[in-house]
Amino acid sequence: RFQAQSQYSPPQSLHLVAPVWNGGTRSIRGLSSTATPEGSRKKGRMLLQFLTDCFYDVKALREYLLQKQVSEVQHRNRAATHIKEHYGPDIAGAYFILKQGGAVKFRGKEWLGPHGQGRSSLEFFKFQAVPVEAVDASGCTINYEGLDNLLALKELQSLSLQRCPHVDDWCLSRLYPLAESLQELSLADLPAVSNPGLTQILVEEMLPNCEVLGADWTQGLILGPKEQSQDTARPLPA
Amino acid sequence: VECCVRTGRAGTMLRRALHFGLASGLLSRRLGTRRGGSTLGKVEGSGGYCVRYWDGKVSEIKKKLQSVLPGGTWDPLYDTSHLPPEHSDVVIVGGGVLGLSVAYWLKRLEKQRGAIRVLVVERDHTYSQASTGLSVGGIRQQFSLPENVQLSLFSVNFLRNINEYLAVVDDPPLDLQFNPSGYLLLASEQDAGMMENNVKMQRQEGAKVCLMSPEQLRNKFPWMNTEGVALASYGLEGEGWFDPWCLLQGLRRKVQSMGVTICYGEVTRFISSSDRMQTPNGEEVILKRIHEVHVKMDNSLEYQPVECAIVINAAGAWSGQVAELAGIGKGLPGTLQGTKLPVEPRKSWRRRELSLPPPPNRSGYGRYVYFWHCPQGPGLEAPLVTDTTGAYFRREGLGSNYLGPVLDIATTLGLNRVRSALRSRYYKPCPHFPPQEEEPDPENLEVDYNFFQDRVWPHLARRVPAFETLEVRRAWAGYYDYNTFDQNGVVGPHPLVVNMYFATGFSGHGLQHSPAVGRAVAEMVLEGHFQTINLSSFLFTRFYLGEKAPEHNII
């Protein structure tokens, strides 16, 4: 039953192992396959699956690589408690986001981050009692535990969580402490959220002052016969 | 002979078949067909029939050959592939969510890969009567015992990271469909003090719960009528409901990939040996050890004796019967030997007010879950609301549907029996469920719709005025492993039957505690003591010593 409902594309973690091995097997077999890249990737995956079913070593190695990926994500989301104690929650949150590759904007200052102008990343340590106003965490590998750092930012006004691969329903349900200050929230293109339309409605209920962008509440509804040709919508899970 | 010449492969196969002693049967059958070939219906000729006959035989012979080669399961006498293995280190009786969770943690916490062979024995492969499938699927941290709060906290963590714990390479990830809407427990004046203490304890353990006054309730949930409510506690994080089937299938898939064998059969007998020992005081004690478990197959008398070292009783509502098979409770009442496992397949609720007398008739009660439709009902953010009377409801799906079970209204109104009949999970989606009264039968799980009209609906309509107009669509009833002693689980070994461990009796909150309880039992089996969560107050000995560990917040 659950297989019928998990129709969204699986998060990259489970299949990331395949390309690693695919490169290896392709070189072993040589460039003899004239199939399309999609076809050869599929063949590689089938070969991998066959090897995993037959050999315990291959299975153990793949499980180990999978676990390594998972623990890597957890490691990146560990709490920076020493910074929090010394410098306060705002700076700790900013440090966390910058380490993940996102961008931060303090009140009255400019955007700091990979596409911003803040070159020396440790300048913000000198900002005393300046709250963080906006956070752009697009594409970061932030997860449920990592959100601890963001929830401590009491005066956050704008948050963007676009394309974060590990943000799922649980993480979104955790955003209620920001209900007073948050005014703009972007949830576009979250692969791990099971039903974007429904979550948009629930998040809007949870954060009454906030404008939730990125997900259309009609996303995921069964379209009428006229519109069915346009979109690939999934039926709502009942 | 000409057909053998035509298909040369069949000829070599025939030689090999002769070699393995199947000669006499084949030859005689072959002679028979040559004689009676034309009378066997339409054939193109006796030669054609022979070819078809041989094709079937060839595949059979190939299968036999494959079983003989190394790696196959060879039994020259008969096929035993449907039977469980003859030896297993741990046998888990019961394949519901608790049993599978214990199997998972045993394989996860073992010191060496493949060190422990685990067998899970489940009676019903459809899970039609198992509490797992028929449960409402809620999880909360609002309990009155600290151990229960810790169990729930870990279980929520597990469910949140379920795709890391139960990841199987090359399989799609699980979608639990968790609704984090929280639980809202309403308390009247007399319960308000207890609720405050409970919330304080829950926050100390780390649960995120807040107290709400009636005005705050009215602001947040305008559809609620707060008459009679003095205080409410609302879970902010980590509470809600999810799909129990998904968890069950995920666990099944993962434990099978870890090497656990799941077999469908019934445990009918335990073969054990006894030792007479003396305590330091000089009293004599008889310690038993289970050596073999007899597993009987479905619809046949065939059974397999499985030699085992440890037996784990996770049979849910039927744990009491399994314990009796092991001889637990056979002794003088009042002694440790005579203490039974007080877990019964109760179908009713616990009484909220402990001052009421115990129900006179133990069996035949119904725990019903009604599914109704109400277009003007509470919105999508509605939590699982528990009324002061104990009735509760929650939203189900997105089409203004709700479901909610009944409190033990039978006892409060003096009814002795509530009719029930079997409603298997497979028939639940049937839309034309006949709401008629049927013959009272305590063995079945039928639901009484008039009961809903008369007893449940007034309480719901009082609390949520929108529920005055509702339409009951479906209902089902389920068993759960009701612990008649104190409605809390039994975990850990039995003092006299030294290698039987319990993981049962959770009386309605087994599903939400299953990951944590599985880990606790696995730690007990592998290390000998609880390592992460201390569940010493849930051991079996409390039944003999009379130390209750009561849970007040029961839903």
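**Entry 1: a residue at the chain boundary**

I began with Arg160(B), which counts as buried at 13% relative accessibility. I took buried as under 20% relative accessible area, exposed as over 50% and partly exposed as in between, with a 1.4 Å probe and protein chains only. The model is predicted, so I noted that local features need pLDDT of at least 70 and side-chain atom pairs count only at pLDDT 80 or more, while totals for chains, interfaces and linings use all residues. Residues are numbered from 1 along each chain as its sequence is written, chains are lettered from A and ligands numbered from 1 in the order in which they are written, and side-chain values use heavy atoms, with hydrogens and water left out.

Which side chain meets that of Arg160(B) in a salt bridge? I found Glu145(A), at 3.5 Å from N to O. The pair crosses between chains: Glu145(A) is in the loop between β3 (132–136) and α8 of chain A, and Arg160(B) is in helix α7 of chain B. A salt bridge here is a side-chain nitrogen of Lys or Arg within 4 Å of a carboxyl oxygen of Asp or Glu. Helices (H or I, at least four residues) and strands (E, at least two) are DSSP runs, numbered from the N terminus. Glu145(A) is partly exposed, at 31% relative accessibility.

**Entry 2: the interface**

I then looked up the whole contact between the chains. Chain B gives 35 residues to the contact and chain A gives 32 residues, where contact means heavy atoms within 4.5 Å. The area buried between chain B and chain A is about 3200 Å², and carbon and sulfur atoms give 58% of that area. Buried area is the accessible area (1.4 Å probe) that two parts lose on being put together, summed over both.

How many salt bridges does the rule find across the interface of chain B and chain A? It finds three. I also looked at the salt bridge of Glu63(A) with Arg113(B), where the closest N and O atoms are 3.3 Å apart.

**Entry 3: salt bridges within a chain**

Over all chains the count comes to 18 salt bridges. In chain A I picked Arg107(A) with Glu155(A), whose closest N and O atoms are 2.9 Å apart. Arg107(A) lies in the loop between β1 (103–106) and β2 (111–112), and Glu155(A) in the loop between α8 (147–151) and β4, so this pair ties together parts of chain A that are 48 residues apart in sequence. Arg107(A) is partly exposed at 36%, and Glu155(A) is partly exposed at 37%. Both belong to a network of salt bridges that links Lys105(A), Arg107(A), Glu133(A) and Glu155(A).

In chain B I picked Arg542(B) with Asp486(B), where the closest N and O atoms are 2.9 Å apart. Arg542(B) is in helix α16 (residues 541–545) and Asp486(B) in the loop between β17 (480–483) and β18 (490–493), so the pair ties together parts that are 56 residues apart in sequence. Are these two residues buried or exposed? Arg542(B) is buried, with a relative accessible area of 3%, and Asp486(B) is buried at 1%.

**Entry 4: helix α7 again**

I went back to α7 (residues 146–160) of chain B and its packing on α15 (residues 510–527) of chain B. The two helices pack at an angle of about 100°, with axes 7 Å apart. That makes α7(B) roughly perpendicular to α15(B). The cut-offs are under 35 degrees for roughly parallel, over 145 for roughly antiparallel, 65 to 115 for roughly perpendicular, and oblique for the rest. Residues of α7(B) in the contact include Leu151(B), Phe154(B) and Phe158(B), and those of α15(B) include Pro515(B), Val517(B) and Arg519(B).

**Entry 5: loops**

I checked two residues other than glycine for positive phi. Tyr127(B) has a phi of about 55° and lies in the loop between β2 (118–122) and α6 (131–134) of chain B. Tyr127(B) is buried, at 3%. Arg163(A) has a phi near 60° and is partly exposed at 43%.

Last, I looked up Ser181(B), in the loop between α8 (162–165) and β4 (183–187) of chain B. Ser181(B) is buried at 9%. Leaving aside neighbours within four places in sequence, its contacts include Tyr234(B), Trp241(B) and Arg395(B).

Key
Axes are lines fitted to C-alpha atoms, for helices over the stretch in contact, and angles run from 0 to 180 degrees between N-to-C directions.
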